[in-house]
Amino acid sequence: MSISLEQAVTVPASERRPVRSPAEVMEIARARESSLSRLLIAYISSGLVFMLLPGTFLGVWNLLQISGRESAGSVSQAWLQAHGHAQVFGWIGSFIFGIGFYSIPKLRGATKPAFGAAWACWIIWTIGVAMRWAANVYGWQWRLLLPVSALLELAAFVIFFRAVSQHRPENSGKYRPEPWVWVVISASIGLMLTLVANFAGTIYMAVRGASPALPHALDQRYLVLAAWGFLVPFVWAFSTKWMPVFLGLKPLRPKLLLAALAVNSTGIVLTLAGWGAPATPLFVAGAVLAIAALRIFESSRQEPKTRGVHWSFPFFVRMAYGWLLVAGLLGIGAAHWDSSGGIWGASRHALTVGFIAVMVLSVGQRILPAFAGMRLLWSTGLMFAGLALLTIGCTLRVSCEILAYQEYASWAWDVLPVSAVIELAGITAFAMNIFGTFILEPSHVQKQPLVVGIDQATS
Ligand code: HEM
């Protein structure tokens with residue numbers, strides 16, 4: 001063990017640390033990077049499995065049944081909710097935890113990521129979400145399993161929150177959080193409230209429910225909290241952090257971003273208080289403010305960074321923000337004219353598939369290969385195919401859901417199953433591309449000349 005002269009003179013013997021050679025420091029950094037990548041791959045892989053089978057496949061099955069019977073009310077509400085839960089928490093939730101555990105310690109300059117907590121969180125979260133899906137779908141011991149699953153999900157969130165909030169930057173006294181950090185905090189509060197509401201809902205079902213499904217009116221409010229309080233702010237946060245670089249956007253307008261969060265949160269509070277219809281314009285206003293803050297539709301000041309992904313990447317990101325506006329406007333329309341659940345369903349689908357899923361397919365394929373051991377995306381062609389199929393499927397679904405459910409055009413019932421299969425194909429292409437990247441593309445961590453940082457990985 002070697003120590004420097006300065007250490008020998010000024011540092012007491014009990015506190016002396018070994019001085020490492022540059023080669024040793026590099027080796028430690030590479031080992032840490034490999035461990036972080038393994039963790040990330042675990043979260044992303046389980047998220048993809050939830051997305052494919054319990055999520056999208058069940059969603060397609062539900063839609064085939066709805067289309068066959070030409071009525072949304074005649075299919076099992078527990079199965080519809082099982083699909084929604086698997087997508088929102090199993091897919092998007094697992095991705096957020098994985099990316100958070102991978103990136104937050106690096107962004108905050110932590111030297112020792114909390115690996116034990118991160119793996120414990122993954123196990124508890126995955127069991128909790130899988131248990132919820134199984135209890136909803138099979139109905140076995142659901143009065144017990146629903147609250148237990150919700151408790152496990154809450155416990156996983158607490159582990160995540162404690163682990164990432166313990167990482168402090170070295171000069172934390174002078175630390176002033178960047179705007180995207182406020183949005184992450186807001187989104188994390190939304191996630192926590194959604195999980196608490198989910199727990200309360202499962203207790204309600206266990207004690208008073210006749211089936212493992214939330215009553216419709218409660219479910220509608222809960223979905224607004226999950227969609228606009230948790231999913232949307234997380235996408236805004238990732239957009240604030242990465243879109244100025246990826247799309248070469250002009251600098252963020254931070255005050256508008258804060259205003260967007262405030263208006264959006266007011267909409268959620270009003271909805272939870274029972275004023276759902278008057279709250280709908282606030283979601284459109286919040287989306288317009290966020291778009292203006294991020295300057296998504298303004299001309300870029302730099303070339304977009306499309307190295308390693310399909311060149312259409314900036315187009316799909318901008319289109320996703322178009323879907324966000326469509327979702328908000330359909331929400332206003334639904335509050336006035338919906339008589340069948342079709343306009344509400346179309347609004348929710350424009351949001352979950354058009355905005356959230358298109359963003360995840362775009363940004364996911366941009367960042368995940370680098371995070372998972374400095375790999376290259378397996379196929380840029382498959383990336384384009386997945387995004388194009390998802391967009392076509394979503395356009396058909398959103399338009400035909402209104403036409404069919406509202407009884408404006410009976411031919412639209414025949415288009416809905418086709419739309420579902422096209423969406424399934426798009427989602428499957430994404431999953432294949434990410435698994436192909438993890439399994440078939442070599443990792444370049446060992447060849448990196450420097451410690452891999454989040455900004456190197458995403459530049
Ligand atoms: C990609 C193919 C998908 C298909 C075929 C599909 C299908 C469906 C169907 C048939 C419903 C029932 C309500 C209605 O008729 O609109 C539904 C509801 C829902 N979907 Fe999807 N969906 C898909 C993707 C997604 C995605 C990507 C998400 C989230 C990220 C999502 C989240 C939800 C939620 C939260 C609900 C409401 C569940 C409830 O009533 O509690 N779906 N979906």
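Start by selecting Thr280: with a relative accessible area of 6%, this residue is buried. You are looking at a predicted model, and Thr280 sits in helix 9, which covers residues 276-294. Show what surrounds the side chain: setting aside neighbours within four places in sequence, Thr280 is in contact with Gly331, Ile332, Ala335 and Trp344.

**The whole fold**

Now zoom out and colour by secondary structure. Of the 459 residues, 53% count as buried. Among contacts with a separation of 6 or more, 83% join residues 24 or more positions apart.

**The main core**

Which residues have the most contacts inside the largest nonpolar core? Select Trp91, Trp236, Tyr321 and Phe355, which hold that place in a core of 114 residues. Colour domain 1 (22-175) and domain 2 (247-252 + 295-459) separately: both give residues to the core, so it lies between them. As general background, nonpolar side chains tend to be buried together in soluble globular proteins.

Stay with Trp236 for a moment. Not counting residues up to four places away in sequence, Trp236 touches Val183, Ala260, Leu261, Asn264, Gly286, Ala287, Ala290, Tyr321, Leu324 and Phe355. Two of the names in that list, Tyr321 and Phe355, are also among the residues with the most contacts inside the core.

Next, pick Ile356, which is in helix 11. Is Ile356 buried or exposed? Ile356 counts as buried, because its relative accessibility is 3% and the cut-off for buried is under 20%. Leaving aside neighbours within four places in sequence, its contacts are Ile92, Leu231, Val232, Val235 and Leu351. Draw a distance from Ile356 to Leu324 as well: they are 32 residues apart along the chain, and their C-alpha atoms are separated by 8.6 Å.

**A second core**

There is also a separate core of 13 residues, which includes Val60, Leu63, Trp413 and Ala420. Centre the view on Val60, which lies in helix 2. Val60 is buried, with a relative accessible area of 8%. Which residues does Val60 touch, not counting those up to four places away in sequence? Select Ala420 and Leu424 to see them. Val60 and Ala420 are 360 residues apart along the chain, yet their C-alpha atoms are separated by 5.4 Å.

Follow helix 2 (residues 22-69) to Ala31. Ala31 is partly exposed, with a relative accessible area of 43%. Draw another distance here, from Ala31 to Val445: the two are 414 residues apart in sequence and 9.0 Å apart in space, C-alpha to C-alpha.

**The ligand and its iron**

Which residue is the only protein donor of the iron atom? Click on His83, whose NE2 is at 2.0 Å from the iron. His83 is in helix 3, residues 77-107.

- His83: a polar side-chain atom lies 2.8 Å from a nitrogen atom of the ligand.
- Arg397: a polar side-chain atom lies 3.1 Å from an oxygen atom of the ligand.
- Glu401: a polar side-chain atom lies 2.7 Å from an oxygen atom of the ligand.

Finish with backbone torsions. Most residues other than glycine have a negative phi, so the next two selections deserve a look. Go to Gln141, in the loop between helix 4 (115-138) and helix 5 (142-165). Its phi is near 50°, a positive value in a residue other than glycine. Gln141 is partly exposed, with a relative accessible area of 45%.

The last stop is Glu407, in the loop between helix 12 (380-405) and helix 13 (412-440). Here phi is near 60°, again positive in a residue other than glycine. Is Glu407 buried or exposed? Glu407 is exposed, because its relative accessible area is 72% and exposed means over 50%.

Terms used. Residues are numbered from 1 along each chain as its sequence is written. This is a predicted model: local features need pLDDT of at least 70, side-chain atom pairs count only at pLDDT 80 or more; totals for chains, interfaces and linings use all residues. Side-chain values use heavy atoms; hydrogens and water are left out. Donors are N, O and S atoms within 2.8 Å of the metal (3.2 Å for Na, K and Ca); water is not among the atoms, so sites may look incomplete. Helices (H or I, at least four residues) and strands (E, at least two) are DSSP runs, numbered from the N terminus. Buried means under 20% relative accessible area, exposed over 50%, partly exposed in between (1.4 Å probe, protein chains only). Contact means heavy atoms within 4.5 Å. A nonpolar core is a set of buried Ala, Val, Leu, Ile, Met, Phe, Trp, Tyr and Cys residues joined through side-chain atoms within 4.5 Å. Domain bounds come from an automatic or database domain assignment. A polar contact is a pair of N or O atoms within 3.5 Å; within protein, one must be able to donate a hydrogen and the other to accept it, and residues adjacent in sequence count only if both atoms are side-chain atoms.
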